[in-house]
Structure formats: structure tokens, C-alpha cells
Amino acid sequence: MPGAAGYAKVRALTRVAAPDTEERLLGVGRAGTAEHVERIIRGWRRVDKKAEAMESAKRHAGRALHLYQDEDGMVVIRARLEPELGAVVRQALDAAREALYQRARGSDTGAGMINKNVPAGTFPADVSAEPPTMAQQQADALGLLAETALHHGIEPGAPGERYQVVVHVDAPVLTDPDAPGQSVLDDGVHISAEASRRVACDATRVVMHHDPDGQVTEVGARTRTIPPALRRALHYRDRACRFPGCARRFGQGHHIRHWANGGPTTLSNLALLCRWHHRAVHEAGYQMERQPNGELRFLRPDGRLLPDVPSPAAVPADPVHALRARHDAQGLRVDARTAMPGWLGERLDVGYAIDVLHPLAG
């Protein structure tokens with residue numbers, strides 16, 4: 001494509017290009033040198049600056065976030081964010097979603113990030129044969145961001161315990177999810193007994209004793225269900241979620257036999273699971289057990305064995321050759337004249353160029 005814009009020109013043009021001005025700016029890139037393009041872009045940005053300042057003030061005044069609890073107990077969040085803050089939130093959600101739902105190379109990247117190599121029933125959000133929708137993935141990613149912030153603290157040096165989620169659960173409920181008793185959040189919202197067991201797998205624990213009237217008679221010392229030294233050993237051994245096909249780095253310690261049922265808090269009785277597969281083995285009916293040789297075995301809710309995921313597809317031995325082959329298949333030709341401009345040597349009039357090109361000039 002003789003006369004096409006080279007990298008330096010494209011880099012400059014993309015600073016200001018928009019769908020309605022892209023074609024005219026591409027014409028500038030083809031006709032002029034890289035210096036011409038840089039000078040025109042500087043003039044273009046001066047025109048943009050005044051309009052941007054007014055728009056920025058308007059957006060800042062319109063920022064808002066509303067959070068309320070719906071009738072069914074679900075929390076509804078509606079926000080209007082300035083573009084730069086919205087970009088930060090979007091990037092953080094994308095990073096969290098990628099951490100939760102990334103799959104091996106060669107997987108499909110369509111809706112739900114389906115991986116044909118992952119056995120049905122291993123998707124983390126619903127732990128069902130149907131992959132989560134993009135909206136569900138975004139909700140899951142927001143939950144991971146909140147948990148990460150609370151764990152590390154918002155202010156520099158602030159302990160995570162300043163911001164925590166408290167679950168009140170009776171001891172019999174931890175031992176037997178079918179036993180009567182409370183399992184509620186600090187604000188009184190009920191959660192399932194199995195959810196309480198999942199949270200208690202890897203949390204700070206405070207034991208309280210009550211008299212028949214419900215008054216607290218004794219409060220025990222705060223302890224960790226998994227001590228820090230043991231947690232470090234667990235992360236060093238497992239590295240990532242052990243659920244087949246997952247390998248996410250964000251993990252929670254899971255008691256294979258729950259401590260409330262007499263399971264020891266030892267390395268052999270612990271496994272690292274991401275928060276969604278931790279939910280799978282507690283609330284979705286999946287089971288896991290450690291074999292005599294130390295390997296883990298996972299079973300589906302119906303008792304069938306959940307197989308390991310096949311190895312991911314290998315990277316091409318010669319990726320450059322593969323890229324060129326793909327270009328050939330698409331009819332792309334790149335040679336020494338591809339980025340050569342159509343400039344004839346005349347002097348550049350930046351003011352005239354901006355008046356002609358910029359939709360807000362004049």
C-alpha cells in the first residue's frame with residue numbers, strides 16, 4: 001500500500017483521531033512527512049484544549065454513585081464516573097475478570113471465555129455447564145476488587161481488619177448445614193449455612209458464648225483458621241487454584257475436611273482454591289479428596305470423576321513465519337515503499353491545515 005502512514009505518523013494521528021476525522025487525518029499522514037504530521041497535531045490539540053476544559057468541568061460536576069439494596073436482598077449499584085476514573089475502574093475490572101476467567105492458550109475468547117478443553121461444569125461463577133455472561137463476569141470481578149481492597153486496606157498502611165465482612169454463625173450450623181441456627185451478615189441479611197462454612201474455611205475467627213437469653217458471656221481471642229506460616233507454605237506448595245483447568249493465582253485456603261467437623265488445619269488437609277471454585281466445593285455440590293499419594297481428586301455433583309484438563313496448544317516454533325503467513329492469507333503486503341509519503345516538498349501551512357481539517361476550527 002504505497003503512501004500508507006508509518007508507525008511514527010500513526011502514533012501522532014491516534015492522539016486526536018476520531019471516527020468523523022479519521023479519513024482526513026489519514027490523508028495528512030499519507031501526503032506529509034512525520035514532522036508535518038507532528039506540527040499539525042500540535043495545532044489540532046490547541047483547538048481541542050478549550051473545548052476539553054469546558055467538557056471536563058461539566059463531567060466532574062455530574063459524577064455520582066448510588067448504592068441500595070433491592071427487595072430481594074441484591075445490592076444495586078449505579079454510577080456515573082469521569083472518563084479517567086471510569087477508565088481506571090474499567091481496567092481494574094478487566095484485570096480482575098481476566099484473573100478470574102483466563103483460560104489456556106488456544107481457548108475460545110468469545111462470550112463467557114469458553115475453553116473447549118475445560119470439562120463442562122468447571123466455569124467458576126455458576127459452576128454449571130453454561131458459562132457466565134459478561135454481566136456476571138463483571139459482577140464477579142467487582143467482588144474480587146472489593147475483597148482485595150479490604151484485605152490490603154484502603155489507606156497506606158491501614159490494616160485490612162478496619163474494613164471487614166462479619167458473618168455471625170452458630171457453631172452447630174458450621175458442623176451441620178442442616179442444623180437450626182443463625183447464619184447472617186453483620187447487618188442481619190441471611191446467607192446460607194454452606195456459605196458460612198466456606199467463609200470459615202479461611203478467615204479470622206472469634207468464638208462467643210451466650211447465655212439462654214442471648215447475652216454474651218465470653219469472647220475468645222481472635223485467631224486465624226489458617227495461621228500465616230501455614231498459609232505461606234500452602235501458597236508455596238499449590239501456587240494457584242487446584243481445581244482442574246483453573247490455575248488462578250488468587251486463592252483461598254480450603255479445608256478438605258472442614259475444621260468444624262474435626263478436620264485438622266494441616267498442610268495435608270488444605271488446598272488452594274480460587275473464590276469461585278471454593279464456592280463450587282461448598283455450595284454447588286462438587287467434592288474433592290486427597291489420595292494416599294497426595295494427589296487431589298475432584299468429583300462432579302453427580303459423583304462422576306472430573307478429569308484433568310488437556311495441555312494447552314503449543315506456541316508456533318517460528319511465530320514470525322506464522323505472522324507472515326497470516327498476512328499473506330489476508331492479502332497484506334509490506335515493503336520498503338509502504339510508508340512513503342506523497343509530499344512534494346512544499347512548505348507546510350499549519351494554520352490553514354487546521355482550519356481545513358478540524359471540525360471546531362474557524
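**Exercise 1. Find which element gives the largest share of the lining of the second largest pocket.**

Step 1. This is a predicted model, in which local features need pLDDT of at least 70, side-chain atom pairs count only at pLDDT 80 or more, and totals for chains, interfaces and linings use all residues. Residues are numbered from 1 along each chain as its sequence is written, and side-chain values use heavy atoms, leaving out hydrogens and water.

Step 2. A pocket is an open set of points on a 1 Å grid over the protein atoms alone where a 1.4 Å probe fits, with protein on both sides within 12 Å along at least five of seven lines; lining residues have an atom within 4 Å of a point. Here 16 residues form the lining, and Ile 77, Ala 79, Leu 81, Val 89 and Leu 93 lie nearest the centre.

Step 3. Two or more lining residues come from each of β1 (64–69), β2 (75–80), α4 (83–101) and α5 (134–152). With 5 residues, α4 gives the largest share. (Helices are DSSP runs of H or I, at least four residues; strands are runs of E, at least two.)

**Exercise 2. Work out whether Arg 197 is buried or exposed, and what it touches.**

Step 1. Look for Arg 197 in helix α7. Of the 9 residues of α7 (residues 193–201), 8 are buried, so this helix is largely enclosed by the rest of the structure.

Step 2. Buried means under 20% relative accessible area, exposed over 50%, partly exposed in between (1.4 Å probe, protein chains only). At 10%, Arg 197 is buried.

Step 3. Not counting residues up to four places away in sequence, Arg 197 has contacts (heavy atoms within 4.5 Å) that include Asp 176, His 258 and His 282.
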